[in-house]
Amino acid sequence: MFGIIPFQFRFRGKVRRILDIYYCFLAEGNVALHPTQIARKTGISFAEVARRLDATPELFVKLPKRDGITRYRVTTSASARAPEENEALVIKYAKRESLLLYTFGTMVFTMLVIIILTIAPNM
C-alpha cells in the first residue's frame, strides 16, 4: 500500500472478491479449481484471483502440482463452517484491518499534534 507501512491489507476493500471466489468454489461442488477457471466464472481478472487465493490461507489452500497445474481448494475448516459463518469471518478480518489503519492514522496525527505543540511555544 504505502512504502512506509510494513504490512499489506489482505481483506480490507477485497471482501466482495474473496466471497465471490469462495462462492464459486461452493457452486462447483467444492472441487479443486485452477485460478483461470475461477476467473472465467467470477469475471475477476486472473492476476487478482491468483493474488486473493495466495493471500488468504484462512479460506483457500494450494494443492500440490499435478501435471504441472496448480489448483486450489477451500480449506477443511472453512468447508466445515456454514457459508454465513465464513462470510462473517471475512468481514470480521476486514474490520480488524480497518481498525488497524485508523489506529495507525490516529497515532501519526497525534504525533504531528505533539510536534506542533512542542515547536509552537518557541516561535
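Tutor: Helices are DSSP runs of H or I with at least four residues, strands are runs of E with at least two, and both are numbered from the N terminus. On that basis Ile-18 has its place in helix α1, as does Phe-25, the helix covering residues 15–27. The model is predicted, so local features need pLDDT of at least 70 and side-chain atom pairs pLDDT 80 or more, while totals for chains, interfaces and linings use all residues. Residues are numbered from 1 along each chain as its sequence is written, and side-chain values use heavy atoms, with hydrogens and water left out.

Student: What makes Phe-25 count as buried?

Tutor: Buried means under 20% relative accessible area, exposed over 50%, and partly exposed in between, with a 1.4 Å probe and protein chains only. Phe-25 has 0% relative accessibility and therefore counts as buried, and Ile-18 is buried as well because its relative accessible area is 0%.

Student: Which residues is Phe-25 in contact with, leaving aside its neighbours within four places in sequence?

Tutor: Contact means heavy atoms within 4.5 Å, and among the partners of Phe-25 are Ile-38, Leu-53, Phe-60 and Tyr-72. Phe-25 and Tyr-72 are 47 residues apart along the chain, and their C-alpha atoms are separated by 9.3 Å. Ile-18, again not counting residues up to four places away, touches Arg-10, Arg-52 and Phe-60, among others; the C-alpha atoms of Ile-18 and Phe-60, 42 residues apart, are separated by 9.8 Å.

Student: What makes up the largest nonpolar core?

Tutor: A nonpolar core is a set of buried Ala, Val, Leu, Ile, Met, Phe, Trp, Tyr and Cys residues joined through side-chain atoms within 4.5 Å. The largest one has 20 residues, and those with the most contacts inside it are Ile-21, Phe-25, Ile-38, Val-49, Leu-53 and Phe-60. Two or more residues each come from α1, α2 (35–42), α3 (46–55), β2 (72–74) and α5 (83–119), with α1 giving the largest share, six residues.

Student: How do you know how α1 is oriented relative to α3?

Tutor: The axes, which are lines fitted to C-alpha atoms over the stretch in contact, with angles from 0 to 180 degrees between N-to-C directions, come within 10 Å for α1 and α3 and cross at roughly 85°. Because angles of 65 to 115 degrees count as roughly perpendicular, under 35 as roughly parallel, over 145 as roughly antiparallel and the rest as oblique, α1 is roughly perpendicular to α3. Arg-17, Ile-18, Ile-21 and Phe-25 in α1 meet Glu-48, Val-49, Arg-52 and Leu-53 in α3.
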